[in-house]
Amino acid sequence: MSLPHRILLIEGHPDTAPERLNHALANAYADGALAGGHAVRRLVVGTLDFPLLRSQNAWQNGPVPEGLRGAQGDLVWAQHVVIFFPLWMGDMPALLKAFLEQVARPGFAVGPEGASPFGPKALGGRSARVVVTMGMPAVVYRWFYRAHSVKALERNILGMVGFAPVNETLIGSVESLGDKGTSRWFKTLEKLGRGAA
Ligand SMILES: Cc1cc2nc3c(=O)[nH]c(=O)nc-3n(C[C@H](O)[C@H](O)[C@H](O)COP(=O)(O)O)c2cc1C
């Protein structure tokens, strides 16, 4: 039995409709995590109000948008972060990328300007999981497309700010899962939640 963890779920789907598979998967993970005695917070990116980041100067010197200050606090609070998103045009939806660009600021998620990239990581000591749904079979995304966009998120974004380990769950052929396939994935996510994995 693992010790209780503080888990942050980031739901990166721009569409907040509850019938979206991504939200149902996040619900299953949250149910498992709560049943396992863990503390859970949820950020639904589609409900947050923030502008696009438009310049390096704004990134380095501008204030974090008011609507995202709580998100930064949640990241600091969390020991384990799970990011859910649907694959859109081979990558995370633009809204999720926009969220990450705004939140991962110098001095918060990455070292201040001029700091060594090999220095201590701002969000170090945290683990993460990336859960991605897609229309194509997951095996095609992993082996033909080499899962390049998920690797970029895991290594270039999460790895760079200190998350380790970063694991992934790729859920493919979503249109043909059927009730049986969907409930199998819910069970898998519930189990991962219980183990804070
Ligand atoms: C704008 C858009 C782009 C998409 N691009 C891809 C893609 O590149 N590859 C793929 O396998 N599926 C693609 N899909 C299918 C989605 O990944 C799929 O509908 C989603 O994972 C289902 O989860 P949801 O019910 O939470 O939306 C796309 C869907 C949309 C709406």
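**Burial, strand pairing and ligand surroundings in a predicted model**

Phe 85 is buried, because 26 other C-beta atoms lie within 10 Å of its own; a residue counts as buried with 20 or more such atoms, as exposed with 12 or fewer, and as partly exposed in between, the C-beta atoms being placed from the backbone. The structure is a predicted model, in which local features need pLDDT of at least 70, side-chain atom pairs count only at pLDDT 80 or more, and totals for chains, interfaces and linings use all residues. Residues are numbered from 1 along each chain as its sequence is written.

Phe 85 lies in strand E3. Helices (H or I, at least four residues) and strands (E, at least two) are DSSP runs, numbered from the N terminus. With neighbours within four places in sequence left aside, Phe 85 is in contact with Gly 12, His 13, Asn 22, Met 92, Pro 93, Leu 96 and Val 132; two residues are in contact if their C-beta atoms, placed from the backbone, lie within 7 Å. Lys 121 is 36 residues from Phe 85 along the chain, and the C-alpha atoms of the two are separated by 25 Å.

The protein has seven helices and five strands. Along the sequence these elements follow the pattern β-α-β-α-α-β-α-β-α-α-β-α. The radius of gyration is 17 Å, close to the 16 Å that the globule rule gives for 197 residues, so the protein is as compact as a globular protein of that length. This radius is taken over C-alpha atoms, and the rule is 2.2 Å times the number of residues to the power 0.38. Taken along the principal axes, the C-alpha atoms fill a box of roughly 50 × 40 × 30 Å. Of the 197 residues, 35% are buried. Among contacts with a separation of 6 or more, 80% are between residues 24 or more positions apart.

Strand E3 (residues 80-86) runs parallel to E4, and seven bridges join them. Two strands pair if DSSP finds at least two bridges between them. In this pairing, Ile 83 stands opposite Val 130 in E4. E4 also pairs with strand E5 (residues 166-171), in the parallel sense and over six bridges. There, Asn 167 in E5 is the bridge partner of Arg 129. Strand E4 (residues 127-133) is largely enclosed by the rest of the structure, because six of its seven residues are buried.

Leu 43 is placed in strand E2. Leu 43 counts as buried because it has 21 C-beta neighbours inside 10 Å. Apart from neighbours within four places in sequence, the contacts of Leu 43 are Leu 8, Ile 10, Glu 11, Ala 71 and Asp 74. Asp 91 is 48 residues from Leu 43 along the chain, with 20 Å between their C-alpha atoms.

Helix H1 (residues 21-35) has 15 residues and reaches 21 Å from its first C-alpha to its last, close to the 21 Å expected at 1.5 Å a residue; the expected span is 1.5 Å times one less than the number of residues. Its buried residues are Asn 22, His 23, Leu 25, Ala 26, Ala 28, Tyr 29, Ala 30, Gly 32 and Ala 33. The elements that cover them include strand E1 (6-11), strand E2 (39-44), E3, E4 and H7.

Most residues other than glycine have a negative phi, and most peptide bonds are trans. Arg 146 has a positive phi, near 60 degrees, and is placed in the loop between helix H5 (138-143) and H6. Arg 146 is exposed, because 10 other C-beta atoms lie within 10 Å. Ala 196 has a positive phi of about 50 degrees and is placed in the segment after helix H7 (178-194). Ala 196 is buried, with 24 other C-beta atoms within 10 Å. A cis peptide bond, with omega about -5 degrees, joins Ala 164 and Pro 165. Pro 165 is placed in the loop between helix H6 (148-159) and E5.

The ligand is surrounded by 14 residues, the closest being Leu 21, Pro 86, Thr 133, Met 134 and Gly 135; a residue is near a molecule if its C-beta atom, placed from the backbone, lies within 6 Å of it. By class, this shell has eight nonpolar, five polar and one charged residues. Ala, Val, Leu, Ile, Met, Phe, Trp, Tyr, Cys and Pro count as nonpolar, Asp, Glu, Lys and Arg as charged, and the others, Gly among them, as polar.
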